[in-house]
Amino acid sequence: MTIQECYEAMGGNYPQALSRLMKDDLIKRFALKFLTDKSYDNLIAAMAAHDTDTAFREAHTLKGVCRNLAFDRLDSSVSEITEHLRAGNLAPAQEMLPRVTADYELVVAALKQL
């Protein structure tokens, strides 16, 4: 699988990533680092603990990583949760968590095929 195919599979924006990082090998290197990022795991743990402040920080971090790497589909779902958490609204964020999880798993599956 090429990096462009990977982005297509995950719902990412390859042209945007290319405009930022300029080369496929850089996109691939930084995208693969996503697999070791703990923001998603920390978000899940914070949500399970009903720790809105930590969940917000982790969601915001995950959103930033996704935005920088142009993982648009995951960025979109994480952004929605981030705004609920920013306002201190844990319940709507928890309702949206399955979508974030599905989008996250899609990104991870695509990256593992590189």
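## Packing of α5 with α6

In this predicted model, the axes of helix α5 (residues 52-69) and helix α6 (residues 72-86) come within 9 Å and cross at roughly 150 degrees. An angle over 145 degrees counts as roughly antiparallel, so α5 is roughly antiparallel to α6. The crossing of α5 past α6 is left-handed.

On the α5 side, the contact is made by T52, A55, F56, A59, H60, L62, K63, C66 and R67. The α6 side supplies L74, D75, V78, S79, I81, T82, E83, L85 and R86. Sorted by class, the contact of α5 with α6 has nine nonpolar, four polar and five charged residues.

T52, which lies in helix α5, counts as buried because its relative accessibility is 18%, and buried means under 20%. Leaving aside neighbours within four places in sequence, T52 is in contact with L85, G88 and L90.

## Packing of α4 with α5

Helix α4 (39-48) packs with α5 at an angle of about 155 degrees, and their axes are 8 Å apart. This angle makes α4 roughly antiparallel to α5. Here too the handedness is defined: α4 passes α5 in a left-handed crossing.

The residues of α4 that take part are S39, Y40, N42, L43, A46 and M47. They meet T54, A55, E58, A59, T61 and L62 in α5. The residues of the contact of α4 with α5 divide into seven nonpolar, four polar and one charged.

## Buried faces of α1 and α2

In α1 (3-10), the buried residues are I3, C6, Y7 and M10. Viewed down the axis of α1, these residues fall within an arc of 100 degrees, so they line one face of the helix. What covers the buried residues of α1 includes α2, α3, α5, α6 and α7. Just after α1, G11 takes a positive phi of about 80 degrees.

Helix α2 (residues 14-21) has Y14, A17 and L21 as its buried residues. They cover an arc of only 60 degrees around the axis, and therefore sit on the same side of α2. The packing partners of these buried residues are α1, α3 (24-33) and α5. The exposed residues P15 and S19 are carried by the face of α2 turned away from its buried side.

## Positive phi in two loops

Most residues other than glycine have a negative phi. H50 has a phi near 55 degrees, a positive value in a residue other than glycine. H50 is found in the loop between α4 and α5. With a relative accessible area of 53%, H50 is exposed, the cut-off for exposed being over 50%.

A70 also has a positive phi and is not a glycine; its value is near 60 degrees. The place of A70 is in the loop between α5 and α6. A70 is buried, with a relative accessible area of 0%.

Helix α7 (residues 90-112) contains T101. At 19% relative accessibility, T101 counts as buried, because the limit for buried is under 20%. With neighbours within four places in sequence left aside, T101 is in contact with Y40 and I44. Y40 is also one of the α4 residues that meet α5.

L97 lies in helix α7 and is buried, with a relative accessible area of 14%. Not counting residues up to four places away in sequence, L97 touches I44, M47 and I81. Of these, M47 is among the α4 residues that meet α5, and I81 is among the α6 residues in the contact with α5. I44 is touched by L97 and is also in contact with T101. The C-alpha atoms of L97 and N68, which are 29 residues apart along the chain, are separated by 21 Å.

How values were computed. Residues numbered from 1 in each chain as written. Predicted model: local features only at pLDDT ≥ 70, side-chain atom pairs only at ≥ 80, totals over all residues. Heavy atoms only, no water. Axes fitted to C-alpha atoms, helices over the stretch in contact; angles between N-to-C directions. Helix = DSSP H or I, 4+ residues; strand = E, 2+ residues; numbered from the N terminus. Parallel < 35°, antiparallel > 145°, perpendicular 65-115°, else oblique. Left-handed = near helix turned anticlockwise from the far one by under 90°. Contact = heavy atoms within 4.5 Å. Nonpolar A, V, L, I, M, F, W, Y, C, P; charged D, E, K, R; others polar. Buried < 20%, exposed > 50% of the residue type's maximum accessible area, 1.4 Å probe, protein only. Arc of directions from axis to C-beta.
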